[in-house]
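Student: I've got a structure open and I'd like to talk it through with you. Can we go from the overall picture down to single residues?

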Amino acid sequence: MEWRDWELFCEVVEHGGFTAAARVLGHPKSSLSAAVQRLEANLGLRLIERTTRHLRLTDSGETIYRKVRPLFAALHDTHSEALAMSSAVAGTLRIKAPYEFGAHHAGPVACAVMGRYPELAIRIDVEHDIVNPIAENYDIVFAMLEAPLPSAGIVIRRVFTLERGLFAAPALLEKFGEPRTLDELRKLPLLTGPSDPPWAITAPGGVVEHLAVDRARLTSSNAHVRLQAALAGHGVLRVTASYTRAAVAAGELRRLLPDHACEPLNVHALLPARQFVPAKVRCFLDAMEAHARGDPEAYIRP
């Protein structure tokens with residue numbers, strides 16, 4: 001029997017359709033459709049009713065999926081645990097991260113780790129939405145503390161605490177004037193993320209104030225979009241300092257209220273709860289921690 005066809009059938013059901021499953025697995029949609037058709041032909045059963053908009057399981061498909069899916073989940077867990085018993089850093093490491101963190105932290109670390117371990121392949125999906133690593137078949141999901149974190153069947157491990165600051169383009173400051181206090185800052189348009197709570201800002205005397213963000217000039221989950229808007233002079237950007245370093249050095253952005261401290265950005269690694277953590281996951285997380293300590297050579301030394 002072609003057991004891969006059975007597994008791909010489960011993946012299509014798990015992700016709610018051929019298109020979503022193809023995107024997550026990195027397979028052509030046509031190959032998933034062919035696998036399900038082969039399985040239906042071999043079984044002599046119709047498993048999925050296909051329409052232009054929806055995918056619906058037949059009664060036979062529902063029964064088979066319910067019985068077979070746990071078997072593949074257990075097989076993958078056993079495979080991961082077996083790999084974890086070995087010290088070999090190999091295979092494919094699947095990571096999901098928000099854009100800002102993926103581009104400026106996970107990406108550089110991935111390049112260094114791949115240089116050290118030639119048998120390791122890495123896939124980084126850069127998206128803002130937080131997902132459960134078990135449901136989406138990721139080894140690591142990096143998530144910001146500000147968003148709700150899933151809890152069922154996962155391990156939550158803090159990896160990074162990133163300094164954030166307030167930045168604006170000279171053109172915006174020429175129009176509104178450079179703010180010297182939080183009250184003056186409130187008069188400027190803001191560029192925010194959709195899940196941003198009021199911005200917590202600590203004044204030099206230690207008093208924490210909150211800046212309302214419900215009337216933002218632009219709202220986007222993509223940090224690069226917000227950065228572009230800031231460079232164009234459309235508002236004040238709150239972002240990690242490392243993300244704007246090049247723009248500040250070029251004079252395209254200026255840091256506002258440098259004597260005030262924004263609440264740092266805490267980044268967590270969400271891992272599937274397993275008895276053994278695969279060597280490739282341990283290696284990457286160790287590399288991330290070394291990167292956070294400012295010791296980039298630590299994770300590429302033998």
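Student: What percentage of the 302 residues in the protein chain is buried?
Tutor: Keep in mind that this is a predicted model. Buried here means under 20% relative accessible area. With that cut-off, the buried share of the 302 residues is 45%.

Student: And how many helices and strands does the protein chain have?
Tutor: Let's pair that with the contacts. Among contacts with a separation of 6 or more, 71% join residues 24 or more positions apart. The elements of the protein chain are ten helices and 15 strands.

Student: What is the handedness of the crossing where helix 5 passes helix 10?
Tutor: Start with the geometry: the axes of helix 5 (residues 99-116) and helix 10 (residues 279-292) come within 10 Å and cross at roughly 120°. Helix 5 and helix 10 are therefore oblique to each other. As for the handedness, the crossing is right-handed.

Student: Which residues make the contact, and how do they divide into nonpolar, polar and charged?
Tutor: From helix 5 come Phe101, His104, His105, Ala106, Val109, Ala110 and Val113. Helix 10 brings Cys283, Phe284, Ala287, Met288 and His291. The contact residues of the two helices divide into nine nonpolar, three polar and no charged.

Student: Now helix 1 and helix 2: are they roughly parallel or roughly perpendicular to each other?
Tutor: The axes of helix 1 (residues 3-14) and helix 2 (residues 18-25) come within 7 Å and cross at roughly 110°. Angles of 65 to 115 degrees count as roughly perpendicular. Helix 1 and helix 2 are therefore roughly perpendicular.

Student: How many charged residues are in the contact of helix 1 with helix 2?
Tutor: Helix 1 puts in Leu8, Glu11 and Val12, and helix 2 puts in Phe18, Ala21 and Leu25. Five of these are nonpolar and none is polar. The charged count is one.

Student: What about Val126: is it buried or partly exposed?
Tutor: Val126 sits in strand 4 and touches Ala97, Pro98 and Tyr99, not counting residues up to four places away in sequence. Ala97 is 29 residues away in sequence, yet 5.1 Å away C-alpha to C-alpha. Because its relative accessibility is 39%, Val126 counts as partly exposed.

Student: Last one: is Ala203 buried or exposed?
Tutor: Ala203 lies in the loop between strand 9 (199-202) and strand 10 (208-211). Pro258 is 55 residues from Ala203 in sequence and 9.9 Å in space, C-alpha to C-alpha. At 18% relative accessibility, Ala203 counts as buried.

Technical notes: Residues are numbered from 1 along each chain as its sequence is written. This is a predicted model: local features need pLDDT of at least 70, side-chain atom pairs count only at pLDDT 80 or more; totals for chains, interfaces and linings use all residues. Side-chain values use heavy atoms; hydrogens and water are left out. Axes are lines fitted to C-alpha atoms, for helices over the stretch in contact, and angles run from 0 to 180 degrees between N-to-C directions. Helices (H or I, at least four residues) and strands (E, at least two) are DSSP runs, numbered from the N terminus. Angles under 35 degrees count as roughly parallel, over 145 as roughly antiparallel, 65 to 115 as roughly perpendicular and the rest as oblique. A crossing is left-handed if the near helix is turned anticlockwise from the far one by less than a right angle, and right-handed if clockwise. Contact means heavy atoms within 4.5 Å. Ala, Val, Leu, Ile, Met, Phe, Trp, Tyr, Cys and Pro count as nonpolar, Asp, Glu, Lys and Arg as charged, and the others, Gly among them, as polar. Buried means under 20% relative accessible area, exposed over 50%, partly exposed in between (1.4 Å probe, protein chains only).
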